[in-house]
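Please open the structure in your viewer and keep the selection tool at hand.

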Amino acid sequence: MAASINVTVKNEVGLHARPAAMFVKKASSFKSKVMVENVTRATAPVNAKSILSVLSIGVLKDHEIRIQAEGEDEESAIKSLVELIESDFGE
Amino acid sequence: MQEIKCLAISPGIAVGPLFFYSTTVIKAEKQAAADPEQEIRCLEEAIEQAKVDLQAVLENSRKDLAGEAEIFEAHLMVLDDPVLLEQVAEDIRGLGVNAEYAWQQGMEKFAEMMASMEDEYMAARAADVRDVSQRVLRVLAGEQQDGRSLAQPSIIVAHELTPSDTVTFDRSKVLAFCTAEGGPTSHVSILSKALGIPAVSGLGQYMEQLRQASTAVVDGSAGKVILNPDEATQRTYISRRAALDEKFKRAFQETTRPAVTRDGKQVEVVANIGSVKDAREAVKYGAEGVGLLRTEFLFLDRTEPPTEEEQYSVYRQILEVFGDRPVVARTLDIGGDKPASYLHMNEELNPFLGVRGARLELQHEELMIPQLRALLRAGEGHNLKIMFPMISTIGEIRQANEYVRRVKGELEASGTPYARNAEIGIMVEVPSAAINADILAKEVDFFSIGTNDLSQYTLAGDRTNPHVAHLADSMDPSVLRLIGMVCKAAHEAGIWVGLCGELGGEVIAAPVLLGLGVDELSMNPRAIPFVKEQIRRYTVEEAQRIASHVLGLSSAADIRAYLTSLLPDGG
């Protein structure tokens, strides 16, 4: 079983700079395997715990991303990442 | 004893022994690895060591450079990247190569991917990735990692210094930086200015002489190095340094207080900046806002113009640093002398009299519209003001204002939040604009006098031509008279006047500009403490008397001599 969700990034810089770092730190705090892909750019899924990978999918404001998690805490991983994105990273 | 003229890139004076810092870029050779698992263990250890070193660098930078610390936090995250480590380990096992080579290739792959995105932010991250790559390679090569092992306070000599090199040194032991390369906008210049460390550059052809010298004097204000100074010279510079330190300390302590004249008039003292980093530095030096945000840095050295979003994000970051304090953004000011490749500009016989500043933007709607949209959107909730450069006629102002109206209409229609009340002004830097200031004042909310261009146009002396550049002196009575005219016309029309050329940062000019009626002075952040100190010495009436006396003098040289004689220490 894997959990997944599509969400639109609304904060101004997208997944760059500090928001990218916050996203990766949050993803890394879970045991589950977490993947993220940029639906808008149609990229392949990449490891959400890797800062270099997250930067490489170039997520900008208004891009739709898909987050997938697989593992014991998959539900809470998805939930917290979506919360982080919906809070616009506290911008 | 040998005296060398060089480039002054960060002011201040230092006297002491020389320390050579090697910054050779390590290039790993591909080798077959007998024991891949051993290679992986070595790499993991090197990464751990690099992390420990970076933590120390991070602590150092947190103390002095809150803004710079972010760079090193990002470096640490890269060292923790699980995908990177996995890929490099796979390469070591799969290809049977050495750790150094696999690491270098793995990092380079990410660096190239980022560099190819043609996005300023990502290009900077590519440089970060390469910086991190070198850090680990240096540990693997068993090289002296950094300058924290400096035995005694020294003058650091290097070919070039990266940001992490610069911050790695124990600050208490760095007297000055001397580099072969790097101009006034290089990393080493920006960081040493932020740290208050004197620095000089352009010493490429003298590196051998530096290597043979044991001690030196570095004058980062005048751009001078004296090798093996004799005792008398050392004493002279040591006392000069003490006097400078004392002067700066005094001015800096007071710099967050407003600049109020003895009779109670407050003069707004703000900064000229050209990046987010500059914005943070400006606040440290007591800037009460920004009088000139140069937006060119977003447009140059790239193959296509920045998008509206990219601009918005940078403008927003800068505006956030200043909260509700004023930030005057100048729209794109480029022309034949600093061309952007994607504009396909025609070569001009006289680029300074050609398509520059607003003239260019008014011809390129595809640049004007996204920039105005980005600025107005970013300014929402902040104190944003916009000004157009290189305006010479009222027709140009009307055209520019028409663009502003159009963009505001579009933002309004789409329900996008934006800065509804942003003031719109112009740079006064063409003599016609100064002479017609009373006419132009009716169309704008403010003026900002650009003294560098105003001087070169008034005196017909090209600033970039060494044979005539001396003519373009902003202290020439002709320029000061024009400034007076502009202030008078503006105040009669009920608008305010700023001044953002180099003249604004000249300490001796402050009473004259105050006396002529300039309401806001904008300058390089480091000049702020001194200019504020100078303003506090006078009353408005005294300043007016000085200004009117100066307007009666016959040359820039006479004016400078007179103003210097007014300084408390006679200059």
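Which residues does V486(B) touch, not counting residues up to four places away in sequence? Select V486(B) in this predicted model, and then display V428(B), A434(B), A437(B), F447(B), I449(B) and V497(B), which V486(B) touches.

V486(B) is among the residues with the most contacts inside the largest nonpolar core, which has 101 residues. V290(B), I426(B), V428(B), A437(B) and F447(B) are also listed there. Now select residues 477–492 of chain B, which form helix α18. This helix contributes 8 residues, the largest share of the core. Apart from that core lies another, of 55 residues, including V34(A), V57(B), A89(B) and V97(B).

Proceed to a pair of helices in chain B. Select α10 (residues 276–284) and α11 (residues 308–322), whose axes are 9 Å apart and form an angle of about 5°. Because angles under 35 degrees count as roughly parallel, α10(B) is roughly parallel to α11(B). On α10(B), highlight V276(B), A279(B), R280(B) and V283(B); on α11(B), highlight V314(B), Q317(B), I318(B), V321(B) and F322(B). The contact of these two helices has 7 nonpolar, 1 polar and 1 charged residues.

Finally, display both chains. Here 17 residues of chain B are in contact with 16 residues of chain A. Keep α11(B) selected: 4 residues, the largest share of the side of chain B that touches chain A, come from this helix. Helices α2, α3, α4 and α5 of chain B each supply at least two residues as well. By class, this side of chain B has 12 nonpolar, 1 polar and 4 charged residues.

Definitions and conventions. Residues are numbered from 1 along each chain as its sequence is written. Chains are lettered from A and ligands numbered from 1 in the order in which they are written. This is a predicted model: local features need pLDDT of at least 70, side-chain atom pairs count only at pLDDT 80 or more; totals for chains, interfaces and linings use all residues. Axes are lines fitted to C-alpha atoms, for helices over the stretch in contact, and angles run from 0 to 180 degrees between N-to-C directions. Angles under 35 degrees count as roughly parallel, over 145 as roughly antiparallel, 65 to 115 as roughly perpendicular and the rest as oblique. Two residues are in contact if their C-beta atoms, placed from the backbone, lie within 7 Å. Ala, Val, Leu, Ile, Met, Phe, Trp, Tyr, Cys and Pro count as nonpolar, Asp, Glu, Lys and Arg as charged, and the others, Gly among them, as polar. A nonpolar core is a set of buried Ala, Val, Leu, Ile, Met, Phe, Trp, Tyr and Cys residues joined through C-beta atoms within 7 Å. A residue is buried if 20 or more other C-beta atoms lie within 10 Å of its own, exposed if 12 or fewer, and partly exposed in between; C-beta atoms are placed from the backbone.
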